[in-house]
Amino acid sequence: MIHKRITTSALCLICAALLAFAPGAGTAAEAAGTSEAVSVGSRMITVTATVKDEQSLLAFEGETRPDSALLKTALSGEDIIVVGETGEEIGKLQNVMNALSVCDIVPIVGIYDGNTADAVAEFFKENNVIDAVLLSDDGELLYEARQIAQKVSGALEITDISDYDAGNAYETAVAIRDAVNESWARAAVLPAGTDRQIADVLFERCITVWMRSDGSAAGDYEAIVRGCHGIVTPDGAAAKERIGLLPEDLLTRQPQIVAHGGMPVNYQPNSLRGYQDAYENGKADVMENDLHMTKDGVVVLLHGTGVYGEWQNGDYIDDIAAQTTGTGKIHEMTWAELQQYKIDGYKSYPQEPILDLDTYLDYFEDKQTRHFMELKRQMQTDIVEPVVGAVRERGMEDRMNIITYWDVSAAEMRRQLPEVSVLLLVDNGSVIIDQQASQKEGWLALLETLNPDNLAYAPNYQTFSQEQMFALAKRGIQTYKWTYGDVDDFEAAYTANYNSLTTDYALWAKEFDVKIGFGSDSIALGTNEDEGVYVRGTVTDKSGNTRERVLFDLQIIEGDIGLHKTAGGRYYADKPGTAKAIVTYVSENTFSYNLYEGDSGEKTIRYRLCAPQVVEITVSGRGPAANSGTNPAENTGAGISQGDRIPADGGDGGKRGMTPGLTALCAAAPVAAAAAAVTAVVLKKRSGHKE
């Protein structure tokens with residue numbers, strides 16, 4: 001069968017010379033090293049470009065190339081081909097993947113019918129493809145393909161949210177989470193305009209959130225302000241540029257605060273009083289605990305001691321001597337025997353009763369706090385069934401994420417609780433990479449470790465860099481770091497848009513601002529200072545306290561009008577017209593800290609929050625006019641209002657002028673000069689004949 005190629009036969013020859021390995025076997029990110037030098041910040045947002053025609057592939061070069069490319073596949077005879085949006089043939093899948101790999105662009109391979117899905121899965125298996133993502137809008141189809149192509153990751157396309165409608169946004173999001181995990185996917189691709197709460201609930205349950213955009217500025221920024229991890233767009237270059245123009249301090253998602261063993265800064269870890277304190281006083285988003293099992297099958301919360309991974313006569317280490325008033329190993333004791341001891345040995349805090357899982361879950365059953373439940377029982381899977389049973393008995397599946405060091409435990413948990421996300425814990429986050437002969441081989445080893453059981457990643461925060469996190473993210477896999485005890489590290493991670501911060505000091509963030517509310521999708525402005533308009537709304541902190549009528553900032557994202565801001569904070573425009581903007585607020589949060597080592601003081605964290613919608617701005621050419629009252633929205637503390645003239649010498653000393661623009665272009669990951677040069681030849685040379 002003769003097939004059209006995306007370039008001449010030179011493409012195949014050059015790719016073959018460059019990529020002597022099997023397709024996909026060496027396509028991991030060379031750029032993602034272990035250096036902490038690159039600060040990604042709020043740009044932890046990936047871009048997937050949809051390949052709609054041959055020309056879109058030719059545009060994948062330079063600093064604005066996408067992180068990944070969505071390829072729609074079909075069968076043509078015995079060949080798997082990539083097709084455009086109108087069904088035209090672009091090239092063989094193998095050739096397109098090889099060309100993308102030169103630029104470190106991850107192939108997201110879309111499968112939409114059974115025959116093509118089977119062929120792609122078998123192709124991946126036979127050629128040991130590791131560095132790719134399988135995507136489908138059919139969960140069952142994706143699951144079956146992932147059972148064959150186990151070494152790649154998966155993404156489930158949600159084409160219609162109403163298919164999962166459970167009556168409210170929360171339940172709908174949980175239903176989507178269930179479908180994503182059960183289809184053996186790590187990422188959910190959501191339609192444009194998906195409710196921010198749905199995106200948040202998925203994010204909180206360790207699902208990668210990719211959101212569709214129509215390629216416009218408004219479409220891209222709408223996905224961003226709704227908290228996505230990545231944008232799926234027909235214009236990857238434009239999306240890359242727009243992400244680069246985001247304010248450096250913008251938080252597009254709110255990092256989850258994970259209470260490590262409860263509140264060990266105040267109480268013994270894994271004690272009921274410690275968890276109560278983390279929930280009631282610390283306002284933690286997530287409770288982390290450590291699960292062991294007694295000789296008679298009771299699951300208990302206790303960290304245990306010992307060097308994990310060491311075996312003693314085929315046994316594991318879960319000694320209680322360092323953390324309780326007793327001695328012995330948990331798995332060798334009955335629950336009755338264990339109960340005679342107390343949790344002790346952590347600083348000078350009062351002793352606490354040893355806590356069992358049933359008591360812990362009973363306390364949290366009617367509370368919406370989420371849980372990172374760690375399976376500590378070393379290399380043993382018998383703990384999985386009682387944990388799953390206790391969770392299902394109380395209907396708490398929607399609030400659970402499972403973490404474990406042990407791949408066998410992870411696999412068994414995925415089998416028994418397939419709707420829940422499971423994270424692989426690693427002390428040295430780069431250990432799997434570093435154990436290999438090269439970074440390339442190491443990255444493939446990491447993917448090969450995570451993907452067969454559809455796992456997210458949870459490394460020690462000091463051993464896995466931002467670049468490495470981004471490299472996993474563009475493959476649909478998120479990273480969840482632990483355990484933060486240094487205030488500067490905590491600040492850096494929080495303001496860098498990380499997914500979660502596990503810490504002994506959950507109370508540090510209990511009064512942080514986490515959400516702003518703006519009650520309108522449109523704003524009407526005039527063209528002079530007398531018609532200036534306040535942009536007002538609400539600000540809510542983690543403890544649930546809400547401030548009304550707070551002044552917000554506007555930043556234009558589309559349109560050619562300019563904004564002026566008075567000393568008192570009112571906006572007007574430089575000329576009539578229309579535009580689109582995002583609404584933001586700069587938050588400063590100061591907390592006191594008292595570290596175990598005795599260091600104490602205060603720390604201020606500053607970041608910018610955004611409203612979850614893009615607003616339309618309409619500017620009329622009105623002349624100077626007296627204030628005419630207030631917009632009805634002013635009375636609710638949301639929306640915009642006129643009036644309340646502020647003296648010219650107030651606020652910023654009477655200074656007026658244009659609002660600061662969106663700045664700081666995003667630097668793309670470097671590609672070796674030789675590879676870039678060859679890529680230019682590969683993707684630009686064309687022929688006048690078909691092969």
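This report walks through the aromatic pairs, nonpolar cores and a couple of loop residues of a predicted model.

## Aromatic rings

Let's start with the rings. The model has 23 aromatic pairs.

Some rings join up into a group. One cluster linked by ring pairs takes in Phe490, Tyr494, Tyr505, Trp508, Phe512, Phe591, Tyr593, Tyr596 and Tyr607. Keep Phe490, Tyr505 and Trp508 from that cluster in mind, as they turn up again below.

## Charges over rings

The charged end of Lys367 sits over the ring of Tyr363, 4.1 Å from the ring centre. Arg253 lies over the face of Phe203, and here the distance to the ring centre is 6.0 Å.

## Two nonpolar cores

Now for the cores. The largest nonpolar core has 97 residues, and the members that touch the most others are Leu357, Phe490 and Leu554. Strand β31, residues 600–619, gives this core its largest share, seven residues. Apart from it there's another core, this one of 68 residues, with Ala49, Phe203, Val209 and Leu246 among them.

What does Phe490 touch, not counting residues up to four places away in sequence? Its contacts are Ile257, Tyr484, Leu501, Thr503, Trp508, Ala509, Phe512 and Ile605. Trp508 and Phe512 also belong to the ring cluster with Phe490.

## Two loop residues

Gly485 is in the loop between β21 (481–484) and α18 (487–495). Not counting residues up to four places away in sequence, Gly485 touches Tyr505, Trp508 and Leu595. Tyr505 is 20 residues away along the chain, yet the C-alpha atoms of Gly485 and Tyr505 are separated by 7.2 Å.

Ser183 is in a loop as well, between α6 (169–182) and β8 (187–190). Ser183 has 2% relative accessibility, so it counts as buried. Leaving aside neighbours within four places in sequence, Ser183 is in contact with Gly139, Leu142, Tyr143, Arg146 and Leu156.

Methods: Residues are numbered from 1 along each chain as its sequence is written. This is a predicted model: local features need pLDDT of at least 70, side-chain atom pairs count only at pLDDT 80 or more; totals for chains, interfaces and linings use all residues. Side-chain values use heavy atoms; hydrogens and water are left out. Rings of Phe, Tyr and Trp (its six-membered ring) pair if their centres lie within 6.5 Å; planes under 30 degrees apart count as stacked, over 60 as edge-to-face and the rest as tilted. A charge sits over a ring if NZ of Lys or CZ of Arg is within 6 Å of the ring centre and within 35 degrees of the ring normal. Helices (H or I, at least four residues) and strands (E, at least two) are DSSP runs, numbered from the N terminus. Contact means heavy atoms within 4.5 Å. A nonpolar core is a set of buried Ala, Val, Leu, Ile, Met, Phe, Trp, Tyr and Cys residues joined through side-chain atoms within 4.5 Å. Buried means under 20% relative accessible area, exposed over 50%, partly exposed in between (1.4 Å probe, protein chains only).
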